[in-house]
Amino acid sequence: MTRTDEEIYGPGTGGLLERDGLPDWLAPVDRAARTVAPEQLSRFLPPKSGAGRQSAVLVLFGEGERGPELLLMERAGSLRSHAGQPSFPGGALDPEDGAPADGGLLRAALREAEEETGLDPAGVQLFGVLPRLYIPVSGFVVTPVLGWWREPSPVGAVDPAETARVFTVPVADLTDPANRAMAVHPAGHAGPAFLVASALVWGFTAGVIDRLLHFAGWERPWDTSRKVPLDWRS
């Protein structure tokens, strides 16, 4: 059953979400955002104690030469946390973003995306928010914010010390079974991964993409027994 923004998100959108004018192909994603439960996205959910640093990522859908695509970036290899890992643009909530209860996390997603990729936030239409998730290794409570790149702008690595590159990936490549595998961490656990755009997308980012493809009805059957070690480039 589809719920209202207030029922799903409470007061935390700050009037920043707009669904009018979305392309028809985004309707399944919009519907998934309005119906999916936190437990359907991940087993890592925010601590009931309220601990964790509030943050947000921008899950930005655009339309390229090969149809729908997602904006991703690759973190610089010199960073202390998640070095060299492909990810969505995003980061921690800053005071300038405002309170989470008044749309602060949505503003944080746009601000961080502008700082990391140089995109113009004026061309982005925010249309949904997924349930908050948790990254145990870093202690971040992450809100995935969904956006439609209504008016694309040039993007690139703004600060090479933080971002190695910025790139888009066609959804057709993400749904291609040949590009899918389970990434195996040296510790032994495994999770969904995508071998696209000369990158191995894994971890939190791949998990969100995997669930979005599934609940939007875009997922194609793929070989979950295919394993890729996280040191695949060596």
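Predicted model: local features only at pLDDT ≥ 70, side-chain atom pairs only at ≥ 80, totals over all residues.
Student: OK, which helix does Glu 112 lie in?

Tutor: Glu 112 is part of helix α4, residues 104-117.

Student: And what does the side chain of Glu 112 make a polar contact with?

Tutor: With the side chain of Arg 111, at 3.3 Å. Leaving aside residues up to four places away in sequence, Glu 112 also touches Gly 90, Gly 91 and Ala 92.

Student: Switching topic: what's the strand order in the open sheet of four strands?

Tutor: The order is β11-β10-β9-β12, and the pairing is mixed. β11 (199-201) and β12 (227-229) are at the edges with a single partner strand each, so one side of each has no neighbour in the sheet. From one strand to the next, the twist averages 45 degrees.

Student: How many bridges are there between β9 and β10?

Tutor: Five, and the two strands, residues 180-184 and 190-196, run in the antiparallel sense. As one example, Ala 181 has Ala 193 in β10 as its bridge partner.

Student: Which helix packs on the sheet?

Tutor: That is α6, residues 203-215, which touches β9, β10 and β11. The direction of α6 makes about 85 degrees with that of β10.

Student: Which residues of α6 are buried?

Tutor: Thr 205, Ala 206, Gly 207, Val 208, Ile 209, Asp 210, Leu 212 and Leu 213.

Student: And how far apart are the end C-alpha atoms of α6?

Tutor: They are 18 Å apart, which agrees with the 18 Å that 13 residues should span at 1.5 Å a residue. After α6 comes Gly 217, with a positive phi near 80 degrees.

Student: Now the aromatics. How many aromatic pairs does a search of the whole structure find?

Tutor: Four. In one of them, the rings of Trp 25 and Trp 218 have centres 6.5 Å apart and planes at 40 degrees, so the pair is tilted. Trp 25 sits in the loop between α1 and α2 and Trp 218 in the loop between α6 and β12, so to speak distant parts of the chain, 193 residues apart.

Student: Are Trp 25 and Trp 218 buried or exposed?

Tutor: Both Trp 25 and Trp 218 are buried. Trp 218 also pairs edge-to-face with Phe 61, at 6.3 Å centre to centre and 80 degrees between the planes.

Student: Where is Phe 61?

Tutor: Phe 61 is in strand β1, residues 53-64. Phe 61 is buried too, with a relative accessible area of 2%.

Student: Which residues form the aromatic cluster?

Tutor: Trp 25, Phe 61, Trp 148 and Trp 218.

How values were computed
Residues numbered from 1 in each chain as written. Heavy atoms only, no water. Pairing = 2+ DSSP bridges. Axes fitted to C-alpha atoms, helices over the stretch in contact; angles between N-to-C directions. Contact = heavy atoms within 4.5 Å. Polar contact = N/O pair within 3.5 Å; in protein donor to acceptor, adjacent residues only side chain to side chain. Expected span 1.5 Å × (residues − 1). Buried < 20%, exposed > 50% of the residue type's maximum accessible area, 1.4 Å probe, protein only. Phe/Tyr/Trp six-rings, centres within 6.5 Å; stacked < 30°, edge-to-face > 60°.
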